[in-house]
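Here are some reading notes to keep beside the structure as you look through it. Please take the points in order, finding each residue or element in the display before moving on.

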Amino acid sequence: MAFPHRPDAPELPDFSMLKRLARDQLIYLLEQLPGKKDLFIEADLMSPLDRIANVSILKQHEVDKLYKVENKPALSSNEQLCFLVRPRIKNMRYIASLVNADKLAGRTRKYKVIFSPQKFHACEMVLEEEGVYGDVDFVTALCSQVVYEGLVDDTFRIKCGSVDFGPEVTSSDRSLKVLLNAEDKVFNEIRNEHFSNVFGFLSQKARNLQAQYDRRRGMDIKQMKNFVSQELKGLKQEHRLLSVHIGACESIMKKKTKQDFQELIKTEHALLEGFNIRESTSYIEEHIDRQVSPIESLRLMCLLSLTENGLIPKDYRSLKTQYLQSYGPEHLLTFSNLRRAGLLTEQAPGDTLTAVESKVSKLVTDKAAGKITDAFSSLAKRSNFRAISKKLNLIPRVDGEYDLKVPRDMAYVFSGAYVPLSCRLIEQVLERRSWQGLDEVVRLLNCSELAFTDMTKEDKASSESLRLILVVFLGGCTFSEISALRFLGREKGYRFIFLTTAVTNSARLMEAMSEVKA
Amino acid sequence: MDCYTANWNPLGDSAFYRKYELYSMDWDLKEELRDCLVAAAPYGGPIALLRNPWRKEKVASIRPVLEIYSASGLPLASLLWKSGPVVSLGWSAEEELLCVQEDGVVLVYGLHGDFRRHFSMGNEVLQNRVLDARIFHTEFGSGVAILTGAHRFTLSANVGDLKLRRMPEVPGLQSAPSCWTTLCQDRVAHILLAVGPDLYLLDHAACSAVTPPGLAPGVSSFLQMAVSFTYRHLALFTDTGYIWMGTASLKEKLCEFNCNIRAPPKQMVWCSRPRSKERAVVVAWERRLMVVGDAPESIQFVLDEDSYLVPELDGVRIFSCSTHEFLHEVPVASEEIFKIASMAPGALLLEAQKEYEKESQKADEYLREIQELGQLTQAVQQCIEAAGHEHRPDMQKSLLRAASFGKCFLDRFPPDSFVRMCQDLRVLNAIRDYHIGIPLTYSQYKQLTIQVLLDRLVLRRLYPLAIQICEYLRLPEVQGVSRILAHWACYKVQQKDVSDEDVARAINQKLGDTPGVSYSDIAARAYGCGRTELAIKLLEYEPRSGEQVPLLLKMKRSKLALSKAIESGDTDLVFTVLLHLKNELNRGDFFMTLRNQPMALSLYRQFCKHQELETLKDLYNQDDNHQELGSFHIRASYAAEERIEGRVAALQMAADAFYKAKNEFAAKATEDQMRLLRLQRRLEDELGGHFVDLSLHDTVTTLVLGGHSKRAEQLARDFRIPDKRLWWLKLTALADLEDWEELEKFSKSKKSPIGYLPFVEICMKQHNKYEAKKYASRVGPEQKVKALLLVGDVAQAADVAIEHRNEAELTLVLSHCTGTADAATADKIQRARAQAQKK
């Protein structure tokens, strides 16, 4: 399907340059330790390393053996050791202990420590954990993703653009590492698709492929020669990719039906729309009681809190109690982290006004509603999901079925239930060519410059037809947001370049907040 | 042109040598040159003189004076020598003056007589004294070689990275060698010395006797030896007045010459240039200068006064009390053009241009002649090249004019060689000026490079000229102007008589935001001169916090450093300052400092979480942050403590803290956990197995699975587990055990708070359709259809749905109708629907 871009959409720059630069830099660093050396890599950096340099490049620059940085004594017998690590205290202690052990043994070796990516990462991590970054659009990050790429990320975890498909996908006993990008033709066509369309598409594709194979019949020798030398390789490649993605889909389906995915999605949508809060709360309670999954339970609790502007005190206490009983008392600290980050809070008495407000705003005209909203938002300190989603129309009113095959707006990434806040804002800013007229929204978002970190940069000098837009996500974005913006780009003839500090999803967000018993 | 070649002297058939004046020296020498230790740096460098009172036997009562002059004789420095007796002087490649003392200490001075540092050539010298020393240049830098009183050699190939190498002993050496020199082969420094009729080569491993090939017989002693500028050639002067010239490897003889003068020469140096036609050495005696090469005759000059030879890359400089001259082999291009009756294209072009200026038709004739031979391009090139080798600007001009003239008649002559030569000559003429006094030749300039030349101008504090050159040559700012300004600023901060404000302002005015200028480097220099306040002022201009902060720390302005680090948003810097502050301040002050800096505090907490847990606790205590304190104890209860009592105690502390923080929920939850922990411990004691650290839910599940139903019930009551949870729990556990009998009993114990659909689901999950059906019958009407579908009873599900007249249920059942088996049912539903619509 993969709708073509409008013909006036600009071409994207060549990004392979970035890869080459990174590789050259790595080689330069490796060569600073001339001769044979062993390389110790932090597990975290394996996937990024994979993207820029393969083993043979490392071997060319005299890397002898590769080790993972673990809390174990190193067995390396090489005289030169090179470490490629994140700048973390833990790592420094590990390296120090290794060097000290050598010293005790009276051994002198050469050591070189390469930090990636210098110091900025430390900054980011610390800030994330300390929750310095005010409000980000957590709602988007917490919703179950239903676009293919997002689902693959939720299910298998995409690391640096590649994913490990286990035996359940490959239907063999080996797992397979697959690079997911535009070069994978099959993936490129389905990455932005709603999951309900993917199966149909894949089977259509399979039929087409078969038809192409079938053309062999009735070919004469010369045609056959042509076919084998030119097309067969491509077809085989495509065939291989197709079977991988079909395997992935099956695996996703299996997992989702086990969890009663439909129920889950229904609850999420109810939360987004603010209907049947009681029922949703009971659903979450049952979810906890049945110990379905600590991360999932937490995610739903946070979603409830964010959409309802905090839990009512009774639910706040009982859900937490239930959670502790199910998943262990250490999560008392998890709750403390979540409260600090504003993800799971208790409604303050003033906040009940929001319920009134949302009713009022339905009654009066939009303009008046805006003013009332202002008044309320100055009363309620925290950003208000309802007010913002009303203001920006994040939850589209749906008449009848939302046709997921022919999406009409960016909400398709959440089955028509919700437009990611960041995407809507970018759309608005692009339409207005500035933040003008969005003052109210900005106020609702509380000190937007800091909290709302998407910066949209536009090259005004270039002609109207050149609409290449760099979107910077500080603090991470989800694949769903990317898919939504790609949709926007196709509709309006923009090309987006995404720059993000990380691709995140609900599980990653929740895990970062969870206290784990060591 | 006949007069122009008057100072050309032929040597053999192939080469001419010429000597011309660079400067007339009007330095005011108080001493005769012969009474002084003299050192002149190559590449037109400065000249150092130190009257040598130690040479004469009588001990001088007055201290000698060390004087430094430019090559044009302008005084650069003059200082009273207060140190010990000096054996030898020499200039390093960086134009630092090395003074080798008798006791082996080498004192290093700058161009302006500023003392830089000193180092020693080894302890054994203290006793034996230094007899002689040489400063030499290699590709690594500048080296020093000494000969001690014990007739041993020690050398260091690079004084910048001092590694002393004691050379092996020469067997049977009783007296000092008659002459010696350093050689450089294969990037290793050797020493060649002469003892009587023998030559020895010392490398770091061994001493070996060597014989120059083709050496004339009858030599009983070597009086002088000379190595060429590039270490490629060697010349030996013997007591028979015979000169041997060959390669420095002593493998090949180039030529020999017998000058019949037996008196030892004062100096002997090579005079050649890259791609020389002739290899020649210049030998100087008291009043005589001789150029000898592969020719039966030599060139002889009379020296009117005491002179000193300085070997250069492409010739020899000769200075005396009154003049400074340059002697060199005439370059090819010049020779071609100026040689008498030359018909070389360049010579013709020069003539043509001259005739043209005279408005004579001969110009056309000459030009035609060149063009007919197709040599105009070559002629232009020759003129350009020859211009580079001329010292006098008028000659340069006339050659360039000729080149420019010739260019007019060429279609596509690339202009850059001409333009570049004009630029180079302009630079060269500027620095050769008497006031600057750097008499570089074109070849030397090219070898030295413009960057090094700029460095040397900076070294002489000739900042304006350096900047002018940069601007004239349009060098990139970072390499050119800004670098020079930065050097100027570093010099400026040393001016103690100017106030901090004025210096800082002057520097900022000049430098502004020039790219490539590092204010922190300048500030570091100011700090080095003891001007801390000035350094701080200068650091204000430094835009890179990464550069500001370390210097501020070094200057002990830690608090300022902290705020700068925080401003930068660079956590790494903040950490650097924090760890520094932590060691510098006492704990109380440190915490107080942190209190005013929230970002630093939160970073420090992060650090403590990994590294110093106790400090973290103190921090929370200080801030009365009971909530965090509680969290801290909670973490300690499972991370730091092993024993149950210790863990309970930690939890108690946590609970207390939570009460103080008015977080009753957390306090109660913590107390529950204490209770649970004790109980789990008891269960382990009584029942065995693993209970500690399980969640409450898992504890109860474990009990049920272990068949301790009573205990489980008790626990559920004690901890007020809600009925719903308990039912889910028991249902799941009993199904896992496949204890269907117990499950049924349980289901009948009272009305299920979660309904009976979960029973059906769980039984089906265990693939027990039989049991599932039992419960399906008990499911309430609302979920009946779902339950029936779960157990696969599509037909009955359809009946119920029809009975309910529920459209959604009907659709659901219909979606479960697959294959022919359910065809009848599907039919039935369709009929029911149709009927419903009729009504």
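1. With a relative accessibility of 0%, Val144(B) falls under the 20% cut-off and therefore counts as buried. Please bear in mind from the start that this, like everything below, is read from a predicted model. Val144(B) lies in strand S12 of chain B, which covers residues 141–148.

2. The C-alpha atom of Val144(B) is 7.1 Å from that of Ala133(B), although the two residues are 11 apart along the chain.

3. For chain B as a whole, the secondary structure amounts to 33 helices and 29 strands, and 53% of its 839 residues are buried. Of the contacts in chain B between residues at least 6 apart in sequence, 49% join residues at least 24 apart. The chain exposes about 39600 Å², with carbon and sulfur atoms supplying 49% of that area.

4. Two pairs of helices in chain B show how the angle of packing can be described. In the pair formed by helix H5 (residues 376–389) and helix H7 (residues 416–432) of chain B, the axes come within 10 Å and cross at roughly 10°. H5(B) and H7(B) are therefore roughly parallel to each other, since an angle under 35 degrees is counted in that way. On the side of H5(B), the contact is made by Ile384(B), Glu385(B), Ala387(B) and Gly388(B), while H7(B) contributes Ser417(B), Phe418(B), Met421(B) and Leu425(B). Sorted by class, this contact of H5(B) with H7(B) has five nonpolar residues, two polar ones and one charged one.

5. The other pair is helix H18 (residues 587–595) and helix H19 (residues 598–611) of chain B, which pack at an angle of about 120° with their axes 7 Å apart. That angle makes H18(B) oblique to H19(B). Here Phe590(B), Phe591(B) and Leu594(B) of H18(B) meet Pro598(B), Ala600(B), Leu601(B) and Tyr604(B) of H19(B). The contact of H18(B) with H19(B) has seven nonpolar residues, with no polar and no charged ones.

6. Turning to chain A, the model has 24 helices and nine strands there, and buried residues make up 48% of its 518 residues. Among the contacts in chain A with a separation of 6 or more, 73% are between residues 24 or more positions apart. The accessible surface of chain A comes to about 26400 Å², and 56% of it belongs to carbon and sulfur atoms.

7. However, pLDDT stays under 50 over residues 119–132 of chain A, a stretch for which the model has 19 contacts beyond four places in sequence. The value also stays under 50 over residues 447–466 of chain A, where the model has 36 such contacts. Where pLDDT is low, the predicted coordinates should not be read in detail.

8. Helix H7 of chain A, spanning residues 148–156, is mostly covered, with eight of its nine residues buried. The buried residues of H7(A) are Tyr148(A), Glu149(A), Gly150(A), Leu151(A), Val152(A), Asp153(A), Thr155(A) and Phe156(A). Following H7(A) comes Arg157(A), which has a positive phi near 70°.

9. Is each residue buried or partly exposed? Gln291(A) counts as partly exposed at 25% relative accessibility, whereas Asn309(A) is buried, with a relative accessible area of 9%.

Terms used: Residues are numbered from 1 along each chain as its sequence is written. Chains are lettered from A and ligands numbered from 1 in the order in which they are written. This is a predicted model: local features need pLDDT of at least 70, side-chain atom pairs count only at pLDDT 80 or more; totals for chains, interfaces and linings use all residues. Side-chain values use heavy atoms; hydrogens and water are left out. Helices (H or I, at least four residues) and strands (E, at least two) are DSSP runs, numbered from the N terminus. Buried means under 20% relative accessible area, exposed over 50%, partly exposed in between (1.4 Å probe, protein chains only). Contact means heavy atoms within 4.5 Å. Accessible areas come from the Shrake-Rupley method with a 1.4 Å probe; for residues, only the protein chains shown count as cover. pLDDT is the predictor's confidence in each residue, from 0 to 100. Axes are lines fitted to C-alpha atoms, for helices over the stretch in contact, and angles run from 0 to 180 degrees between N-to-C directions. Angles under 35 degrees count as roughly parallel, over 145 as roughly antiparallel, 65 to 115 as roughly perpendicular and the rest as oblique. Ala, Val, Leu, Ile, Met, Phe, Trp, Tyr, Cys and Pro count as nonpolar, Asp, Glu, Lys and Arg as charged, and the others, Gly among them, as polar.
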